[in-house]
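Let's go through this model together, one question at a time. Have the sequence and the 3D view open as you read.

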Amino acid sequence: ALPRNLALRLVKEEARGVESVVYFADDDNLYTASLLEKLRRVERVGVFGIAFNPAVGQRGGRWIEHGHFAYPLCDSDKRVWGFHTRWVGDDRPQESDTARRFAVDISQFAVNSKYLFDRPHDVLFDTSWSSGRAEDNFLKAVLAHVTNPLAALEVLDDDADACKPPR
């Protein structure tokens, strides 16, 4: 939480008045150049499909392989209604996660800086949030003023790839 909060404060101070996108890359994901194009399109809060590195994760103190994808589930108009996800160490993909409204990985979303910082209080990561809940709680805080937060998400994948495993 602390490194992320330092980064958020730095972006807020250094990029004041400059529209940019806040994105948290992670060490257990695979990236392509097309990600940068997706990030440029973020107007509020964008979500997209990601691929996890196939040999990352621990269960019972031993490394396991669990290469998989996580992506938003949406209708034909790209309105998000849930997420296809898997917790580290869980062998079954989940079509929804009732414990988390935003069942996303830290590298599965991006927030426009103007949307994030143009509010009366800072949205930061809380050190009391349990592991696996930081993303959910952060997005809940970012979208706290929105009546239907899932519908407010922008699916950044191209139409042909929207709401499917990334290629």
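Q: In what order do the four strands of the open sheet run?

A: A word first on what you're looking at: this is a predicted model, where local features need pLDDT of at least 70 and side-chain atom pairs count only at pLDDT 80 or more, while totals for chains, interfaces and linings use all residues. Residues are numbered from 1 along each chain as its sequence is written, and side-chain values use heavy atoms, with hydrogens and water left out. Strands here are DSSP E runs of at least two residues, helices are H or I runs of at least four, and both are numbered from the N terminus. The pairing in this open sheet is mixed, and the order is S1-S9-S3-S10.

Q: Which strands stand at the edges of that sheet?

A: Two strands pair if DSSP finds at least two bridges between them. Each edge strand has a single partner strand, so one side of each is left without a neighbour in the sheet. Those strands are S1 (21-23) and S10.

Q: Which residue in S9 does Tyr-23 stand opposite?

A: S1 and S9 pair in the antiparallel sense, over three bridges. Across from Tyr-23, the S9 residue is Ala-110.

Q: At what angle does H4 run to S9?

A: H4 lies across both S3 and S9. Axes are lines fitted to C-alpha atoms, for helices over the stretch in contact, and angles run from 0 to 180 degrees between N-to-C directions. On that basis, H4 runs to S9 at about 25 degrees.

Q: What covers the buried residues of H4?

A: Buried means under 20% relative accessible area, exposed means over 50%, and partly exposed is in between (1.4 Å probe, protein chains only). The buried residues of H4 are Ala-134, Glu-135, Asp-136, Phe-138, Leu-139 and Val-142. Their cover includes S3, S9, H3 and helix H1 (2-14).

Q: Which residues touch the most other members of the largest nonpolar core?

A: A nonpolar core is a set of buried Ala, Val, Leu, Ile, Met, Phe, Trp, Tyr and Cys residues joined through side-chain atoms within 4.5 Å. The largest one here has 30 residues, and its largest share, four residues, comes from H4. Touching the most other members are Leu-116, Phe-138, Val-142 and Leu-153.

Q: Which residues is Phe-138 in contact with, leaving aside neighbours within four places in sequence?

A: Contact means heavy atoms within 4.5 Å. For Phe-138, the list is Leu-8, Phe-109, Val-111, Leu-116, Val-123, Leu-124, Phe-125 and Trp-129.

Q: How many residues are in the second, separate core?

A: This core includes Leu-35, Ala-70, Ala-110 and Leu-156. Its size is nine residues.

Q: Which residue of S8 is the bridge partner of Tyr-71?

A: S7 and S8 pair in the antiparallel sense over four bridges. S8 is mostly covered, with four of its five residues buried. The partner of Tyr-71 there is His-84.

Q: Which residue in the turn of the S7 and S8 hairpin has a positive phi?

A: The hairpin has five residues between its two strands.

Q: Which residue does the disulfide join to Cys-74?

A: A disulfide is a pair of cysteine sulfur atoms within 2.5 Å, and a search of the whole structure finds one. Its S to S distance is 1.5 Å. The torsion about the S-S bond is about 100 degrees, so the disulfide is right-handed. The residue joined to Cys-74 is Cys-163.

Q: How many residues apart in sequence are the parts that the pair ties together?

A: Cys-74 lies in strand S7 (69-74), whereas Cys-163 is in the segment after strand S10 (154-155). Cys-74 counts as buried at 15% relative accessibility, and Cys-163 does too, at 14%. In sequence, the tied parts are 89 residues apart.

Q: How far apart in space are Cys-163 and Tyr-71, C-alpha to C-alpha?

A: Beyond residues up to four places away in sequence, Cys-163 touches Tyr-71, Pro-72, Leu-73, Cys-74, Val-155 and Asp-157. Cys-163 and Tyr-71 are 92 residues apart in sequence, and their C-alpha separation is 6.0 Å.
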